[in-house]
Each structure stands twice: as structure tokens, then as C-alpha cells.
Amino acid sequence: MIKQYVAGMVAMVMCGAVWAANNADEAAALASLNEVQKLYENRPQGTPNQAGTRTLSKRDINDCVIQMAEAKSKLDDVKKQYGSTKAYQSMQTRMLTGQVRGRLGTCKQTKDTLGY
């Protein structure tokens, strides 16, 4: 009877350790994904002009490429480390990944087209 009790306690402690590790992974993944979200939201968007659109300078475009490349790199790191977490597998993360890749492609294409 005591052996069963001890075995049950050991099993509970082990499950608790796994649960805590999973929560730590989820928290770390969310923190990294929040950093990527901030990079995306704070990307250079240019200055408004009279036509109501925004004009991107050479510096804006170069900064955009650098910032979005960093964001993509962070997303790749999160995938490697925390790819099995719910935070990484969420729809929001898939949307963010698409937005970062799309913006990086657009900024690179603009940079190449304009010869910056």
C-alpha cells in the first residue's frame, strides 16, 4: 500500500514537471511571437503625402528589409524550439508568418526594383 502511494506521488511529481515544462515552453513561445508581432507592427511605413498614400524613402525600404528579415529569423527560431506548442501552431501565428514573409518579399522586391 505504501509502495503504491509512493509510486502515485512520484507519477504526480513527474506529470507536474512535464506540465510546468510545457507551460514554460508556451510562455517562451508567446514571448518570442510577441516580439515578432512588435517588429511587424513597427515596420517603416513611410510618410504620408498629399495623395493620401505613403512615400517610402530609401532608408525606409532598407530598414523594412532588415526588420522583416529579423522577424522572419525569429519566427524560424520559434519554429525550431517551440514548433509543437499551441502558441506556435495557432492561426494567429500562421497569419503573422504570412504577413512577415509577404512584407519581406515586397520590401526586397521594391529595393531591387529601385536599385537600393
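Which residue just after H4 takes a positive phi? Gly 115 does, with a phi of about 75°.

The model is predicted: local features need pLDDT of at least 70, side-chain atom pairs count only at pLDDT 80 or more, and totals for chains, interfaces and linings use all residues. Residues are numbered from 1 along each chain as its sequence is written, and side-chain values use heavy atoms, with hydrogens and water left out.

**Overall fold**

The protein chain contains four helices and two strands, in the order α-β-β-α-α-α along the sequence. Of its 116 residues, 25% are buried; buried means under 20% relative accessible area, exposed over 50%, and partly exposed in between, with a 1.4 Å probe and protein chains only. Among contacts in the protein chain with a separation of 6 or more, 73% join residues 24 or more positions apart, where contact means heavy atoms within 4.5 Å.

**The disulfide**

A search of the whole structure finds one disulfide, defined as a pair of cysteine sulfur atoms within 2.5 Å. Its partners are Cys 64 and Cys 107, with sulfur atoms 1.9 Å apart. Cys 64 lies in helix H2 and Cys 107 in helix H4, so the pair ties together parts that are 43 residues apart in sequence. The torsion about the S-S bond is about 60°, so the disulfide is right-handed. Both cysteines count as buried, as the table shows.

| Cysteine | Helix | Relative accessibility |
|---|---|---|
| Cys 64 | H2 (residues 58–82) | 2% |
| Cys 107 | H4 (residues 91–114) | 7% |

**Helix H4**

H4 has 24 residues and reaches 34 Å from its first C-alpha to its last, close to the expected 34 Å. The expected span is 1.5 Å times one less than the number of residues. Besides Cys 107, the buried residues of H4 are Thr 93, Leu 96, Thr 97, Val 100 and Leu 104. An α-helix has 3.6 residues a turn, so residues three or four places apart point the same way.

**A charge over a ring**

Arg 43 lies over the face of Tyr 40, at 4.2 Å from the ring centre. This term requires NZ of Lys or CZ of Arg within 6 Å of the ring centre and within 35 degrees of the ring normal.
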